[in-house]
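Subject: Structure for your review

Dear colleague,

Please find below the structure that I am handing over to you.

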Amino acid sequence: MNTPLRVLIIEDSEDDALLVARALRAGGYDPILHRIENASRMEEALQHPWDVIISDYTMPSFSTPQALRLLQRKGVDIPFIMVSGTVGEDRAVQVMKAGAHDYIMKEQLSRLVPAVRRELREAKLRRERVRAQKQLQKLSRAIEQTAECVFITNPDGIIEYVNPAFERLTGFTSEEAMRNSPRILRSGQHSASFYRDMWRTLKDGGVFRGMVINRRKNGALFYEEKVITPIKDSNGVITHFVSTGQNISDRMEAETIRKRLTATLEATTDFVAIADLQGHLLYANAARRSVLGLAPEDKVGICTLSDGHTEWASAKLMSKAIPTAMQEDTWSGELALIDRDGLEIPVSEVIIAHRGPDGEVQFFSAIARNISERKRLEEELAYRASHDALTCLPNRSLLLDRMQQALAYARRYNHRVGVLFVDLDRFKRINDTLGHHAGDTILRTVAERICQGVRRSDTVSRHGGDEFVVIAAQVFDSNDLASIVSKIRKTVSEPIKVKNRQVVLTCSIGIALYPFDGEDTDTLLKNADTAMYQAKENGRNDFQYYTKEMNAQSHEMLNLEEELRRAVKAGEFVLHYQPQVDLQTGALSRLEALIRWQHPERGMLAPGTFIPVLEETGLIEPVGEWVVREAVRQCAVWKEMELPPVTVAVNLSVRQFANLNIAEAIERIVTEAGIPPACLELEITESVLMADAFDGAEALRALSQRGLRVAVDDFGTGYCALHYLRRLPVNTLKVDHSFVSDLEGDPTTAAIVSAIITLGHDLGCKVVAEGVETLAQCNHLHRLGCDLAQGYLYYRPCPPEEIEPLLQGGNHGHYKVQ
Ligand SMILES: Nc1nc2c(ncn2[C@@H]2O[C@@H]3COP(=O)(O)O[C@H]4[C@@H](O)[C@H](n5cnc6c(=O)[nH]c(N)nc65)O[C@@H]4COP(=O)(O)O[C@H]3[C@H]2O)c(=O)[nH]1
């Protein structure tokens, strides 16, 4: 069977065309012949595919050179054979140069078929070459333009080609890389064996695939996912290696960040979870898994976002947190988780709705922080803000709150509310004597005792210092209050053991009753306070119901403070002097300076009315110093008047004595006045001596070393340990007037006074009895061996001008012992 052959024949002679066809057929072809004889027909014909073009050289309206030009213009590569009569060598050469593939003379048609065969073969080769070239072009363009980093080495690993992506990624230009080894990229991040193994694989003809960390020309590292392929020739010999690498630095960095984030999330104590739109968990960190009781290998998808929360928190999460996050992107608030032991963990939780590019919520994340510690601190702060640190009793602010509640309740149910102001008597003295530490212990004990004495519905609060307030809710009359008061007084006065001593306390209580003594907290507290002051005025260890008259008195107290400030500035104080007489001879032995306030309207005021206020306000310090100066000045005047020298005793308050430089200050005053120090005796109460807050012994020694005399006032009322007294430089002991007044009626008191006198003498002191009012007392004291007496029996305190005649010796010996 003949091979079909599409032949375009350019020929004006039909016969010649048939001859060609015959020759082709004879040569084994089955030609489909299409004859044309001008350019336009040729152009039409070229729209169809042709295996070969056979052309006569010249025709009336066409020629081979024209046909060839047309083909060239069209860019068509079809085997072109000129079959013609003799055209001459020049023309033949010209036609071949113009693109004809062969030239056969009509007389030699037997050459046609071999020529056609050859040209068909050649054309096929040409087409394949063109296709291959195009392919090569495409490939090289692809390699040039690909984002992958490509380089090719010879079998020894010397770089022969790098693509632009290589240059961009590594920073090495093609020229720099050429004839170099890929070692220029080594980062030092892989071991030598890594490269050895890679090379072995490649040499063995294998393909290397793996992640390689390389280094840029500028030293920066980059990660490549690499494939290195050996290229082999037809004999299987490796001629090249092609390395293609994808820069995965960004991916590696992202992966590193992801790993770090995951490690952070796993390590944090916060509870983190991610959930899909249905609430099923997609991720839960270790803390959250632990709450859910999930092991690391367990699938978290079996749990939902609300799992692990308490019932109320779960309800809040579903009804509030998630809907809010859906609408507003985030919700934050307080919820609670429940751990595997059933313990509630208060958490501050944030729910975030994460949206996709379309704005639709894609998933939720939940971050919860354990706020147990914060809650505990908040509770502690709230407790501290409302309770007294020392006694743990409600403080003033909580008291007011409770009081308001009690009053509201009482208003509604027509009850009474009792407000008791409890103040410990002479607590300041105890504090000064035994020290603040012991004072604190006592306050705590008293607090506990008062609480035991009231009902649980009542409130006991510490109002500051040694003051307590009791709110007795739901009382019906003052009898109810009376029983509370009596319980408090009884319990407070039981001995308290502190520092190996038994301390016995008393208290003064002021009582105000709602609604009679006030309808609001402020008035009731103020009135109970006023009543308490009245109880103190009554001699302490007492209780007092509020009365309208007290109001006026409390105003008076406030005025007093203001007036005293003014009096200090105006110099309204004077000193009176009370003589102490010798019990043997009745002669004036010495004087005690006692302060008086020459009030412009109220006349001469005794110290009992203002000394406590001076002490409370601190005014005692300037006033006390004035007293010393004035007494010393008076001594100097008497000296000037050449009166016999006399010792003047001056009272020092606790507050003054706390000043460690007091001895120095007094010495300066005495020296400046030019009187002997022994003319001044400083009276210190027994309680001052025992104060822990400062070194009493040290201060006394400082006074004594300067030649000043020291007297212990009110002896017997405090807790002075006798062995302690023994070590102190005391010159005088003053027996408190309470002992003197009980001397006659009470044999125990007489025994105590006798003991004090003996002790005083043992210590080398003079003993002075205070408040001697009767001759009987005078005689008794004399019998007991007391040295001196001071009291109305002899002299009342009087101004200095009345003292002067006494000093001259004109008026003594009135009451000699009988
Ligand atoms: N019932 C009675 N009382 C008598 C009798 N003889 C004297 N008195 C009073 O007893 C008080 C004795 O002074 P004190 O125990 O040191 O007690 C003093 C002293 O503790 C204090 N005081 C007086 N002056 C000063 C002072 O300048 N500085 C300081 N810090 N306190 C002073 O005030 C207290 C009271 O002083 P005064 O009112 O002057 O009262 C004086 C005196 O007038 C008597 O026979 N019967």
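Two strands are taken as paired if DSSP finds at least two bridges between them. Helices (H or I, at least four residues) and strands (E, at least two) are DSSP runs, numbered from the N terminus.

This is a predicted model, in which local features need pLDDT of at least 70 and side-chain atom pairs count only at pLDDT 80 or more, while totals for chains, interfaces and linings use all residues. Residues are numbered from 1 along each chain as its sequence is written, and side-chain values use heavy atoms, with hydrogens and water left out.

Strand β13 (residues 330-338) runs antiparallel to strand β14 (residues 344-355), and 9 bridges join them. Within this pair, Gly333 has Glu349 of β14 as its bridge partner. The two strands form a hairpin with 5 residues between them, and Gly342 in the turn has a positive phi of about 85 degrees.

β14 also pairs with strand β15 (residues 361-370), in the antiparallel sense and over 9 bridges. Here Val350 has Ile367 of β15 as its bridge partner. The hairpin of β14 and β15 has 5 residues between the strands, and Gly359 takes a positive phi near 85 degrees.

The ligand and its surroundings

Several polar contacts, meaning pairs of N or O atoms within 3.5 Å, can be described. A polar backbone atom of Ile595 is 3.1 Å from a nitrogen atom of the ligand. An oxygen atom of the ligand lies 3.0 Å from a polar side-chain atom of Asn651, and a backbone N or O atom of Tyr792 lies 2.8 Å from an oxygen atom of the ligand. On its own the ligand has 790 Å² of accessible area (Shrake-Rupley method, 1.4 Å probe), of which the protein covers 80%.

An annotated region

The unreviewed UniProt entry lists residues 106-142 as "coiled-coil region"; such annotations may be inferred rather than shown by experiment. In the model, this span is 84% helix and 0% strand, and the end C-alpha atoms of residues 106-142 lie 51 Å apart.

With kind regards

Key
Polar contact = N/O pair within 3.5 Å; in protein donor to acceptor, adjacent residues only side chain to side chain.
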